[in-house]
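Here's a quick briefing on the pockets in this model. Have a look at the structure first, then read on.

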Amino acid sequence: MKLFVSNTSDLPIYAQLKEQIKEAILSGDLPENTTLPSLRKLAQGLKISVLTTARAYRELEEEGFITSVQGKGCYVMPRGSKLIREQLLREVERGFTIAIEAGAKAGLMTDELFQILDEMVGPDEGGEEHREAEAPEA
């Protein structure tokens, strides 16, 4: 895992670290149960304060991305973790929001958006399309 910090970023250094580690976890670049670098090792490698790395790790633990085992270090939580799953669902929702907004600008109807999604995802293992029935009106 390659991390970097920028003194010219609007984000504080601990937040830069937190976001990079979170992104690596969500993308799968950091698999579950991977041991993260120790606070001191990470701080030395980036030439920053141990307090800064500690804050990034603490916030990642509070958000459910990592867990700390006393005397052993910090580990990436399993992808089945409810909090990680929730983050992934939010990412899917952001993508759908962008697609829906673009579809509206293009004048697409809901069924056309579903058709595009079905074509992109393809048939499931049984050879059936992913969506058969219309969604109920809200």
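The second largest pocket is lined by Phe96, Ala99, Ile100, Thr110, Leu113, Phe114, Ile116, Leu117 and Met120. A pocket here is an open set of points on a 1 Å grid over the protein atoms alone, where a 1.4 Å probe fits, with protein on both sides within 12 Å along at least five of seven lines; lining residues have an atom within 4 Å of a point. Bear in mind that this is a predicted model: local features need pLDDT of at least 70, side-chain atom pairs count only at pLDDT 80 or more, and totals for chains, interfaces and linings use all residues. Residues are numbered from 1 along each chain as its sequence is written, and side-chain values use heavy atoms, with hydrogens and water left out.

**Second largest pocket**
- This one holds about 270 Å³ of space (volume being the space filled by probe spheres set on the points, which are joined across faces, edges and corners).
- Helix 4 (82-105) and helix 5 (110-121) each give at least two lining residues, and helix 5 has the largest share, with six (helices are DSSP runs of H or I, at least four residues, and strands are runs of E, at least two, numbered from the N terminus).
- Its lining has eight nonpolar residues, one polar and no charged (Ala, Val, Leu, Ile, Met, Phe, Trp, Tyr, Cys and Pro count as nonpolar, Asp, Glu, Lys and Arg as charged, and the others, Gly among them, as polar).

**Largest pocket**
- The volume of the largest pocket is about 320 Å³.
- It has 18 lining residues, and Leu39, Tyr57, Ser68, Gly73 and Cys74 are the closest to its centre.
- Helix 2 (39-46), helix 3 (50-62), strand 1 (66-69) and strand 2 (73-76) each put in at least two lining residues, with helix 3 giving the largest share, five.
- Nine nonpolar, five polar and four charged residues make up this lining.
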